[in-house]
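Visitor: I've got a structure to look at, and I'd like to learn how to read its features. Could you walk me through it?

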Amino acid sequence: MGMLEYKEIFFRIIFSTIVGGIIGFERERSHKSAGLRTNAMVAMGSTLITVIALSAFEEYPMADPTRIISNIIVGIGFLGGGAILHEGHRIHGLTTAATLWVVAAIGIVIGVGFYKEAIFATGIVYFILTVLWLVEKKSHDRFLYRSLRGEKESEAAAAVDNNRSSTNG
C-alpha cells in the first residue's frame, strides 16, 4: 500500500465525516437520538482508526492491522446497544443501532480507500432510511403479524378483518 500522504489521510477523514453527516442528517431530520454529529463522528473515527492501523503496521509485516479494524465493530456494538430501549412489549432503537453499525462499516471502507463502494453503500442506507421507511409505514397494519402488534392495535386490526370478511362473504 505504501505510506499514505497526509493529503490522502486528510481527504479520507473529511470524506468519511461528510458521508456520516449525510446519513446523520436523515436521522436528525427524523428526530432520532443518534443524529448528525453522532453519525459523522462514528464514520470519522472508524476511518481514522483504519488509516492508523494500516499505516502503523506497514513497518511490521507480522502484525495484523485487521485485528484493530475488527474491534471497531465490537466497539460500535456497545454504542449501538446503548441506543436500544425495551419498553414493555416494544423495542426502540434497533434501526439507530444498525445505522451506527453500518456507518462504522462505511468509515472502515473509506479508511481502506474504497470510495465508490462507500458512496454506493451510503446511497443504499439513505434509501433504506427514507423510502423503505415510507413503505413500512404505509403497509404496517396490512403485513404485521397480530402477535407483534400492541393489544389495542391487534383488536383494531381484528375488527377491520371482521368487517372485510362480513362485507365480502
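Visitor: In which helix do tyrosine 6 and phenylalanine 10 lie, and how many residues apart are they?

Guide: Keep in mind that this is a predicted model. Both tyrosine 6 and phenylalanine 10 sit in helix α1, 4 residues apart, which is about one turn of the helix.

Visitor: Is their ring pair stacked, tilted or edge-to-face?

Guide: You look at the angle between the planes: under 30 degrees is stacked, over 60 is edge-to-face, and the rest are tilted. Here the planes are at 35 degrees and the ring centres 6.1 Å apart, so this pair is tilted. A search of the whole structure turns up 4 aromatic pairs.

Visitor: Is tyrosine 6 buried or exposed?

Guide: Over 50% relative accessible area counts as exposed. Tyrosine 6 has 64%, so it's exposed, while phenylalanine 10, at 49%, is partly exposed.

Visitor: What about the rings of phenylalanine 11 and tyrosine 115?

Guide: Their planes are at 85 degrees and their centres 5.3 Å apart, so that pair is edge-to-face. It links distant parts of the chain, with phenylalanine 11 in helix α1 and tyrosine 115 in helix α5, 104 residues apart. Together with Phe15, these two form one aromatic cluster.

Terms used
Residues numbered from 1 in each chain as written. Predicted model: local features only at pLDDT ≥ 70, side-chain atom pairs only at ≥ 80, totals over all residues. Heavy atoms only, no water. Phe/Tyr/Trp six-rings, centres within 6.5 Å; stacked < 30°, edge-to-face > 60°. Helix = DSSP H or I, 4+ residues; strand = E, 2+ residues; numbered from the N terminus. Buried < 20%, exposed > 50% of the residue type's maximum accessible area, 1.4 Å probe, protein only.
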